[in-house]
Amino acid sequence: MADEQNNGGKKSNGMAIAALVCGILSLVGACFGVGAWAGVVLGIVAVVLGVMANKAGKDTKATAGMVMGIIGLAISAIVAISCTICTIKANKALKEIENYDWSELEDAFKDLENYDWNSLLDE
């Protein structure tokens, strides 16, 4: 009954509710690195459903879903791209570490082990 009063007597539009839910989930997805890609997809779905629901008849839920979808899409895209770049850079760094010549570091540790630390105390 509250939906009928808010929408001028029209029944609640399923697409508007779906747009709202997808918009909310796209914002939530932006908070997680991997989930940000899901946030991008859900943001697009929220915008499309919001536009379709508004064409069928103005609905505040559709507008809210569309706005949240746009915001969620933007934030999720930034987070998803940033996390992807970071992951690629981290993988590259790990591969470089695997191929690193550690012999110099091993020699430095041997020098530290063989160092006469007592001579520092005598001074």
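**Close-ups of helix α3**

**View 1. The buried residues of α3 pack against α2 and α4 (60–98).** The model is predicted: local features need pLDDT of at least 70, side-chain atom pairs count only at pLDDT 80 or more, and totals for chains, interfaces and linings use all residues. Residues are numbered from 1 along each chain as its sequence is written, and side-chain values use heavy atoms, without hydrogens or water. Helices are DSSP runs (H or I, at least four residues), numbered from the N terminus. Buried means under 20% relative accessible area (1.4 Å probe, protein chains only). Among the buried residues of α3 are Ala 36, Gly 39, Val 40 and Gly 43.

**View 2. Helices α2 (residues 14–29) and α3 (residues 35–56) cross at roughly 155 degrees.** Their axes come within 7 Å. Axes are lines fitted to C-alpha atoms over the stretch in contact, and angles run from 0 to 180 degrees between N-to-C directions. The two helices are therefore roughly antiparallel (an angle over 145 degrees).

**View 3. Residues of α2 meet residues of α3.** Contact means heavy atoms within 4.5 Å. The α2 side includes Met 15, Cys 22 and Leu 25. The α3 side includes Leu 42, Val 45 and Met 52. The contact residues divide into 13 nonpolar, seven polar and no charged. Gly counts as polar here, while Ala, Val, Leu, Ile, Met, Phe, Trp, Tyr, Cys and Pro are nonpolar, and Asp, Glu, Lys and Arg are charged.

**View 4. Asn 54 lies in helix α3.** Asn 54 counts as buried because its relative accessibility is 14%. Leaving aside neighbours within four places in sequence, Asn 54 contacts Asp 59, Ala 62, Thr 63 and Met 66.

Key
Parallel < 35°, antiparallel > 145°, perpendicular 65-115°, else oblique. Buried < 20%, exposed > 50% of the residue type's maximum accessible area, 1.4 Å probe, protein only.
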